[in-house]
2 protein chains.
Amino acid sequence: MATSNRHKYGEARDVLAEMGIKLEYMEVERVEIQADDPADIASYSLDQIQEVKPFLVEDAGFYIEHYNGFPGPYSSYVLQKVRLPGVLKLMEGIDDRRASFKSVVAYKHGEEKRFFRGFVTGSVSLSVRGTGGFGYDPIFIPDEGDGSTFGEMAADEKNALSHRARAFRSFGAWFTGNG
Amino acid sequence: MATSNRHKYGEARDVLAEMGIKLEYMEVERVEIQADDPADIASYSLDQIQEVKPFLVEDAGFYIEHYNGFPGPYSSYVLQKVRLPGVLKLMEGIDDRRASFKSVVAYKHGEEKRFFRGFVTGSVSLSVRGTGGFGYDPIFIPDEGDGSTFGEMAADEKNALSHRARAFRSFGAWFTGNG
């Protein structure tokens with residue numbers, strides 16, 4: 001897995017390990033393009049990496065309904081600049097707090113490319129809660145959970161529900177059959 | 001000038017016309033990369049365009065001090081999603097309302113590349129004011145003006161102060177001597 005984010009790698013490794021797939025960490029420099037769909041960003045990233053072994057990249061985003069999917073593909077940039085309190089300020093007085101996470105796992109082996117998506121719906125919490133996970137996890141309450149934010153969950157609880165785990169399980173199911 | 005933004009082209013054309021330079025409009029598809037410095041984005045754009053005649057691209061951003069320069073290079077994306085009222089919500093209760101616009105004009109002729117920067121400082125207004133200009137103009141009050149937003153100014157008033165006009169004048173001064 002080519003990434004500069006150790007958190008992402010850790011989550012992916014745990015999910016795939018349960019399926020008997022061993023994932024290695026690969027640090028690479030790459031430019032990311034501006035695009036609305038994480039699959040476009042991930043696809044462009046794939047093409048920049050010269051590697052004969054099969055490898056994958058993952059791109060994810062946090063999408064706030066009221067703001068037309070903002071910050072979406074720029075989630076990490078926005079978080080770095082605005083921080084979680086800034087995102088919560090943007091939600092002050094907004095009734096529609098629905099949000100979702102999307103993940104795209106993009107796989108390449110030689111000329112073959114495959115994309116696997118994962119998705120989780122939920123809402124933006126009223127305050128920052130929990131220290132687990134990373135990114136927007138402390139302000140995201142998944143619909144299928146018990147009202148906890150991803151930040152308040154243990155890694156395996158988050159992996160039972162998360163967009164990233166779902167995308168990687170979808171990849172893993174295909175890979176164990178075809179890889 | 002390669003752009004998909006007619007407003008930008010119009011401002012650039014007017015500024016360069018005063019210097020005796022005729023600017024033509026050139027519509028091209030290009031990917032934009034994610035980068036903090038508009039010069040990096042503009043440079044990458046230059047390299048994607050195959051053109052024997054001299055041409056230029058411009059990249060600009062709106063930088064809010066309190067939010068560490070957000071939205072910066074993602075200004076047009078953020079505006080499209082969050083809209084001006086969302087940006088003003090983000091500024092509610094924030095004392096430091098300083099902001100600036102930056103522009104980079106990137107010129108290419110054969111193998112030669114040149115970059116020209118323009119800059120204007122000011123503050124974020126408390127409400128959306130004026131219908132002139134485009135983008136963040138209705139919420140930006142330049143320090144050197146009379147308290148009006150760019151959106152409340154006539155085109156020539158804005159061009160006397162704006163980041164884009166400054167970058168293009170800097171380019172024009174060089175081009176008339178060297179182009």
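Residues are numbered from 1 along each chain as its sequence is written, and chains are lettered from A in the order in which they are written. Because the model is predicted, local features need pLDDT of at least 70, and side-chain atom pairs count only at pLDDT 80 or more, whereas totals for chains, interfaces and linings use all residues.

Begin by selecting strand β3 of chain B, residues 98-109, where a strand is a DSSP run of E with at least two residues, numbered from the N terminus. Nine of the twelve residues of β3(B) are buried, meaning that 20 or more other C-beta atoms, placed from the backbone, lie within 10 Å of a residue's own.

Click on Ser103(B), which stands opposite Ala60(B) and has Gly118(B) as its bridge partner in β4(B). In the hairpin of β3(B) and β4(B), two residues lie between the strands, and Gly110(B) in the turn has a positive phi of about 60°.

Finally, show both chains together: 17 residues of chain A are in contact with 17 residues of chain B, contact meaning that C-beta atoms, placed from the backbone, lie within 7 Å.

Notes
Helix = DSSP H or I, 4+ residues; strand = E, 2+ residues; numbered from the N terminus. Pairing = 2+ DSSP bridges. Contact = placed C-beta atoms within 7 Å.
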